[in-house]
Amino acid sequence: PTFARYLSLKVLLKQLRCQVLKPHEIIIIDQNIKEEREPLTTEFNDLPLKVFFLDKSGQCSAGNIGIKIASGDFILFLDDDDEVGENLIKLHVDNLLYFNADVSSGIAVVPGEEIPEKFNHIRVSDVFPTNNTLIKRDVFRKTGLFDLAYEHGPRADGDMGIRVYLSGALMILNNKISLLHHHS
């Protein structure tokens with residue numbers, strides 16, 4: 001999902017262009033008002049972009065649209081103000097394979113903030129950071145989509161994490177899979 005962050009989104013798209021393991025598709029749910037929308041497919045025509053417009057913004061609605069239209073077996077959630085290394089996708093896939101897991105979560109390094117102790121080691125997880133998580137698409141059949149009750153507030157990722165955990169899906173948080181999150 002993106003809203004009023006085209007500059008940082010373009011940085012992320014350039015980094016996704018350089019991934020060691022190439023993305024099958026990149027789905028952007030553009031929630032900018034019609035008059036402020038920018039065409040992304042021209043500058044990034046080498047990427048497998050699918051851009052959809054959502055006239056009424058909402059984090060859960062945007063996530064749910066992306067989940068519904070995704071054609072791959074796995075969905076990687078990223079924020080439009082993230083910066084990623086060239087091996088992010090590969091590290092997540094390797095994490096899933098190594099642990100035979102359903103969900104691979106990494107950590108977000110925020111400039112000026114310390115990483116909490118519970119995120120400093122690899123562990124079975126009950127968190128679902130929506131800016132650095134790869135999940136098997138089939139898991140959503142058991143857990144459902146993002147709850148629209150969290151549409152414009154915090155905790156949508158926390159709710160999803162608990163539901164995925166309670167569904168019996170194996171979630172692994174790996175602190176070696178990190179990205180830079182700007183909190184724009």
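A pocket here is an open set of grid points, on a 1 Å grid over the protein atoms alone, with protein on both sides within 12 Å along at least five of seven lines. I worked on a predicted model.

**Entry 1, second largest pocket.** I looked up the volume of the second largest pocket and noted about 730 Å³. I counted 32 residues in its lining, and those nearest its centre are Glu25, Ile26, Ile27, Ile75 and Leu76. At least two residues each come from helix 1 (6–17), strand 1 (26–30), helix 2, strand 3 and helix 3 (88–99). By residue class I have 22 nonpolar, five polar and five charged for the lining of the second largest pocket.

I picked isoleucine 75 as one of the residues nearest the centre of the second largest pocket. Isoleucine 75 sits in strand 3. Is isoleucine 75 buried or exposed? I call isoleucine 75 buried because its relative accessibility is 9%, and the cut-off for buried is under 20%. Leaving out residues up to four places away in sequence, I listed Ile67, Ala70, Thr133, Leu134, Ile135, Arg137 and Phe140 as touching isoleucine 75. I also noted histidine 24, which is 51 residues from isoleucine 75 in sequence and 9.8 Å from it in space, C-alpha to C-alpha.

I noted a volume of about 1,200 Å³ for the largest pocket. Its lining has 45 residues, and Asp79, Thr130, Asn131, Asp157 and His181 are the closest to its centre. I sorted the lining of the largest pocket into 19 nonpolar, 15 polar and eleven charged residues. Helix 2 (59–69), strand 3 (74–78), strand 5 (103–109), helix 5 (156–166) and strand 8 (171–181) each bring at least two residues to this lining. Helix 5 gives the most, four residues.

I went on to helix 5, where Ala156, Asp159, Met160, Gly161 and Val164 are buried. Among what covers these residues I listed helix 2, strand 5, strand 7 (132–136), helix 4 (139–143) and strand 8. After helix 5 comes glycine 168, and I noted that its phi is positive, near 95°. For helix 2, I have Cys60, Ser61, Ala62, Gly63, Asn64, Gly66 and Ile67 as buried. I asked what the buried residues of helix 2 pack against. They pack against strand 1, strand 3, helix 4 and helix 5.

I looked next at asparagine 175, in strand 8. Asparagine 175 counts as buried because its relative accessible area is 16%, under the 20% cut-off. Its side chain reaches the backbone oxygen of asparagine 120 at 3.1 Å. Setting aside neighbours within four places in sequence, I found asparagine 175 in contact with Ile107, Phe119, Asn120, His121 and Ile122.

Cysteine 60 has a relative accessible area of 0%, so I put it down as buried. Cysteine 18 is at 47% relative accessibility, so I put it down as partly exposed.

Note on methods
Residues are numbered from 1 along each chain as its sequence is written. This is a predicted model: local features need pLDDT of at least 70, side-chain atom pairs count only at pLDDT 80 or more; totals for chains, interfaces and linings use all residues. Side-chain values use heavy atoms; hydrogens and water are left out. On a 1 Å grid over the protein atoms alone, a cavity is a set of points where a 1.4 Å probe fits but cannot get out, and a pocket is an open set with protein on both sides within 12 Å along at least five of seven lines; lining residues have an atom within 4 Å of a point. Grid points are joined across faces, edges and corners, and a volume is the space filled by probe spheres set on the points. Ala, Val, Leu, Ile, Met, Phe, Trp, Tyr, Cys and Pro count as nonpolar, Asp, Glu, Lys and Arg as charged, and the others, Gly among them, as polar. Buried means under 20% relative accessible area, exposed over 50%, partly exposed in between (1.4 Å probe, protein chains only). Contact means heavy atoms within 4.5 Å. A polar contact is a pair of N or O atoms within 3.5 Å; within protein, one must be able to donate a hydrogen and the other to accept it, and residues adjacent in sequence count only if both atoms are side-chain atoms.
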